[in-house]
Amino acid sequence: MKNPYLPLPMRLVKNFVETEDKLIHTFTLEFLNEGDEKSFQYLPGQFAEVAVFGVGEAPFGIASSPTEPGYLKFSVAKVGVVTTALHQLPEGTILGVRGPLGNSYPIEEFKGKNLVVIGGGFAFTTLRSLITYILHPDHRGDYGELTVIYGARNPGLLLYKDELAEWEKRSDINLVCTIDRPVEGWSGRVGFVPAVTKEVAPSAENAYAVICGPPVMIKFTMPVLEELGFPPERIIMSLENRMKCGIGMCGRCNVGNKYVCKDGPVFTRAQLNQLPNEY
Amino acid sequence: MLLNKDQLINWLNKLMQAYQVFVPVKEGDYFCFKQINSGDQVILYYTNSKVPPKEVLFPRSEKLFYYRCENDGVQLTEQIDESKKIIVGLRPCDAKSLLLLDSVFSSDKYQDPYYLTRRNNTVLVGLGCNQPAATCFCTSLGGGPFATEGLDLLLVDIGDRYVVEVLTERGRELLSGMELPAADQEAQEAARVVKEGASLSSQVNLEGLKSKLDVNFYDPIWDMIHEKCLGCAACTYTCPTCHCFDIVDEAAGNEGCRIRNWDACMFPLFTLHGSGHNPRPTGKERFRQRVMHKFKYFVDNFNAIACVGCGRCIINCPVNLDIREVLAEIQGSEVRSDKQ
């Protein structure tokens, strides 16, 4: 019987300060044992339980893409005991990782469709995984137009700045970054994500919208997407309930009869409409 | 088969040679299931145990694995309990609860090796209830004082003897070498009388309850129904079907262990997000969750109600919140399904 509670050992090879407020770090982890990477077959949207031995474990969306072999990336905000410990770890530390857990973005269903990816704040992690996956030469041809709308309070809080700069140069992705208020030196858009989405007005025809961000952003972006004609079945969201086991047993993350860890974290807006609003 | 009561201790002592034997014992003012090292510690005249025998298979606190961090890696040592166990004297409602826990701990995708290993290695010897408590309502949930579901053997107390009903091959093996006589007509008749006499005074009407719960998530009834609840979680900790748990690390230097402990949906921190947002911020949402989980969500997911009518949540509630009354109030409430 495979033990789903036993973590795989991974080495922290990079502890990178991602944002200017230093509250988000991106961790790059390498598998320690041969064969573990093969057993850890994941897809964009999935998450893993990351453990600091002696402190505890916590679930994080996987920020790297399966098209980036050899390592996993997690971008983590310092909010609690485990995340604070993680932020302080020196490179070389051995961590434990359980997963991949949960479902993924419906990348098969996305094939042949246009995609509008909308992210806010540091919830951009699994969206990075999805975008990187789609932009990979092996996959790019399978998908239509890719529009990314990504907002942060100020430029210093945008994640993955080097990659955003690279994507900016590409012709096969329409990247729109926005910040809340004007800042000297910022040449991109200014405004909240819902308003910018309205301005960009991506076509809903043959398209899916994938949205991940703070609840307030989602609340006000949802009517815009509806106005643009995205039906609830083609709006994809990701929940982040508190969890412990990650495998549907500890009884913590349920929303109605669904477990976010097992049945999610990815749900369509139509599915969420059927569930009570306990998320 | 017939087992004389004075043979019971010898039988338990014999079983102890090959198994860890768990029986009801008296601790202070209440009964609980403990491993014994001598058959004479058993007490089979109890009504029901304070804490259900699920803790034999799913302990209140258990080590999942030890770890030792080294310079170039980490050494993990699993702590799976493979010992053979017998629980003697558990009530039919508690036996049924284990069948419900089986669904939780074994899904298509994930198996919990800690629970399932113990479960597969544990034989269950039930004890029928001659006198159910005033708080028992097992028959409303499809059980009964002498129900045999999930058991390997059932003991029926007929005075100075037990009629032993053999229910599985595993149960039969426990009796090998005992050379017990078959139950004669007199004993069978006595067992029948005992069974018929074991009537339950309380019933819960479950008809239509599920369809009501399907639509009443936003019903104002939840604003009132939880008001007495203190959120102490006595109901969940003594419930034989509750299975929520927490996972924590305990460390000493570069080594330590990962432990899981029972936890409860009645506690405010249970669902608190790292962001500070809590999807179940007050007692109302938490109480609703407990009722919904048992009588709706579990039914949706496993086609069974996650309650066996043992009555422990009623007996142990410090403010006399009675699940039977709660269900009756829900039954009697007007259906309102407006989403907030």
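Predicted model: local features only at pLDDT ≥ 70, side-chain atom pairs only at ≥ 80, totals over all residues.
## The interface of chains A and B

The contact between the two chains involves 52 residues of chain B and 43 residues of chain A. About 3800 Å² of area is buried between chain B and chain A, and carbon and sulfur atoms give 56% of this area. On the side of chain B, the residues that lose the most area to chain A are Tyr110(B), Ile247(B) and Arg258(B), which together account for 15% of what that side buries.

Side chains of opposite charge can pair when their charged atoms come close. Across the interface of chain B and chain A, six salt bridges are found, whereas the structure holds 38 salt bridges over all chains.

## Thr197(A) and an annotated region of chain A

Thr197(A) is found in helix α6 of chain A, which covers residues 193–200, and it counts as buried because its relative accessibility is 0%. Apart from residues up to four places away in sequence, Thr197(A) touches Ile118(A), Ile149(A), Pro202(A), Thr221(A), Val224(A), Leu225(A) and Leu228(A). The C-alpha atom of Thr197(A) is separated by 32 Å from that of Thr28(A), a residue 169 places away along the chain.

For residues 5–107 of chain A, an unreviewed UniProt entry gives the feature "domain: FAD-binding FR-type".

## The seven-stranded sheet of chain B

In chain B, seven strands form an open sheet with mixed pairing, in the order β1-β9-β8-β7-β6-β2-β3. Its edge strands are β1 (2–4) and β3 (30–35), each of which pairs on one side only, and the twist from one strand to the next averages 25°. Strand β1(B) runs antiparallel to β9(B), residues 161–166, and three bridges join the two; within this part of the sheet, Leu3(B) stands opposite Tyr162(B) in β9(B).

Helix α3 of chain B (residues 92–105) packs on the sheet, where it touches β6 (85–90) and β7, and its direction makes about 135° with that of β6(B). Helix α6 of chain B (residues 185–197) also packs on the sheet, touching β1, β8 and β9, with a direction that makes about 90° with that of β9(B).

## Salt bridges within chain B

The side chains of Lys5(B) and Asp157(B) meet in a salt bridge with an N to O distance of 2.9 Å. Because Lys5(B) lies in helix α1 (residues 5–15) and Asp157(B) in strand β8, the pair ties together parts of chain B that are 152 residues apart in sequence. Lys5(B) is partly exposed, with a relative accessible area of 30%, whereas Asp157(B) counts as buried at 16% relative accessibility.

Arg161(B) and Asp160(B) likewise meet through their side chains in a salt bridge, at 3.8 Å from N to O; Arg161(B) is buried, with a relative accessible area of 18%, while Asp160(B) is exposed, with 53%. Glu27(B) forms a salt bridge with Lys34(B), and the closest N and O atoms of this pair are 3.9 Å apart. Both partners count as partly exposed, Glu27(B) at 34% relative accessibility and Lys34(B) at 31%.

## Ala134(B), an exposed loop residue

Ala134(B) is placed in the loop of chain B between β7 (122–127) and β8 (153–157), and it counts as exposed because its relative accessibility is 56%. Leaving aside neighbours within four places in sequence, Ala134(B) is in contact with Ser201(B), Ser202(B) and Arg324(B). The C-alpha atoms of Ala134(B) and Ile315(B) are separated by 9.6 Å, although the two residues are 181 residues apart along the chain.

Note on methods: Residues numbered from 1 in each chain as written. Chains lettered and ligands numbered in written order. Heavy atoms only, no water. Helix = DSSP H or I, 4+ residues; strand = E, 2+ residues; numbered from the N terminus. Buried < 20%, exposed > 50% of the residue type's maximum accessible area, 1.4 Å probe, protein only. Contact = heavy atoms within 4.5 Å. Pairing = 2+ DSSP bridges. Axes fitted to C-alpha atoms, helices over the stretch in contact; angles between N-to-C directions. UniProt positions renumbered as here; feature names shortened; annotations may be inferred. Buried area = accessible area lost by both parts, 1.4 Å probe. Salt bridge = Lys/Arg side-chain N within 4 Å of Asp/Glu carboxyl O.
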